[in-house]
Structures are given as C-alpha cells and as structure tokens.
Amino acid sequence: MSSGVAARCDAKKLVRSPSGLRMVPEHRAFGSPFGLEEPQWVPDKECPRCMQCDAKFDFITRKHHCRRCGKCFCDRCCSQKVPLRRMCFVDPVRQCAECALVSHREAEFYDKQLKVLLSGATFLVTSGDSEKPETMVCRLSNNQRCLILDGDSHREIEIAHVCTVQILTEGFTPGVEKDIHTYTSLLGSLPASEAGSTRATGMFLQYTVPGAEAATQLRLMAGEDANGSKRQAAAWLAAMHKATKLLYESRDQ
C-alpha cells in the first residue's frame, strides 16, 4: 500500500452527534472492525418511565439516554460517564450501569491487549496443506484492519475476511471441520479456574480471498526458545482471544 493511500485510510474527522463528539475515520469503509455503531435512541414519547427502576419521569426526575444502548433512564440509573472507544467518542459519555460495566471491561483491551497486538510476536506459520513452517512476525496493523505477517514472505489478511479463529492450547490439535462462520476458542470454553492456568500455544485461522472458492487456512504456533519470544507469543494469542470476541460481537450487532 502506498504512503498516500495509507494516509487516506488513516485520515480522521471530528463529528458531533446527539451523544457527543466523535473522532471517526474520514471514510466509513476504513473504520476499525472492532467499532460499534451508535444506537438509535428510544424516543422520549415512548418512555414515560425509567427502563431500569420504573421511576416516573417528571419535572424533577429527568430522563437520560444511555449512549451505548440508547435506552432511557433516570439520573440514578444512568449517572456514570465512561469512555466508549468502540464508538470513537472523544470524552467519556453517559451510560447505564450495565453498559458502563461492559465498557470498563473493554477499556482493558484498548489499554493493554491492543498494544500487545500492535507490537506483534513471532510464530511458526504453516499455510494450507504445507508441512514446512515459516518463521514470521504477526501483528495487527495500526488501523486495526489487517493482520500483517512478515518473514521470508509477506501476507496481509483483512480482519473483515477472517471467518474462523481458534485459539489453541497445550495438548489440543485443531480439527479442520469447523463451522466457517463461527469463532471458537478452547480458552473461552474452559472453566475460569482452568483457563487462567492454560497457556495458549497457537492459533488456527481461516480467511477468504476474493475470487477464491475455498477459504485459506493458516496455523500459527509459538516456537520453542529461551529468549522470551514464546512468552510474548502466548501474550499475543491471549490478546487475540479478547480481540476476536469483540470482533464477532461487532459483526452480530
């Protein structure tokens, strides 16, 4: 991608919506795949009472809309102002208690896991039926739209074209007969007590290529070494696990 095209892809603009100021991509097509659209607000005339505690709205009990879900609440049930980066808000915005809790959890992804994904990690990458792995550094692009793999060869995989992600753990071998439209993760299916002590060792990935009939398969495995790259790979996979959950939540919105 040329520097001029990359600059256009990363260009942003400041817009004002009823919910607040947002810094959004200049072109909608270049938005982050982890982003969420602003919800439609429940019309005032359709909510005479708080949708949480059922308090009746009047001159004293005013109504407020949650910027994440769009529902109508009283001040007591919608008093928190929390960052909502998935909707690109510049400042923290008013959210109901349930949505604020979700946004707080997502803030950890943007503060920690996203930085890990952008930094990248080293993997042994096997493509399709090939038996010979290639050592490659895998990272998320700065605009969050692509997985970039660099080694003797170079690949750029658009996140929007990824159809299956499976995080692998020690002692688990992936099957290829997975539903191509679903996200699966062994870490996510384990009890919390086990997931906390289970180490991610690799990732099975399927993605579509325009013009190709079948999905392309990649298998990324952490290498065996003593210089810390294996630990870095495990951290990258854990971050990818979180990112994939957000990605599929965005697709199901």
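**Exercise 1. Find how strand β11 (residues 162–169) and β13 pair, and name the partner of Val162 in β13.**

Solution. Strand β11 (residues 162–169) and β13 run antiparallel and are joined by seven bridges. Two strands count as paired if DSSP finds at least two bridges between them. Strands are DSSP runs (E, at least two residues), numbered from the N terminus. Within β13, Tyr207 is the bridge partner of Val162.

This is a predicted model, where local features need pLDDT of at least 70 and side-chain atom pairs count only at pLDDT 80 or more, while totals for chains, interfaces and linings use all residues. Residues are numbered from 1 along each chain as its sequence is written, and side-chain values use heavy atoms, with hydrogens and water left out.

**Exercise 2. Determine where pLDDT stays under 50.**

Solution. pLDDT is the predictor's confidence in each residue, from 0 to 100. The protein chain averages 82, and 81% of the residues score at least 70. Residues 1–7 stay under 50, with two contacts beyond four places in sequence. Residues 172–197 also stay under 50, with 46 such contacts. A contact means heavy atoms within 4.5 Å.

Definitions and conventions
Helix = DSSP H or I, 4+ residues; strand = E, 2+ residues; numbered from the N terminus.
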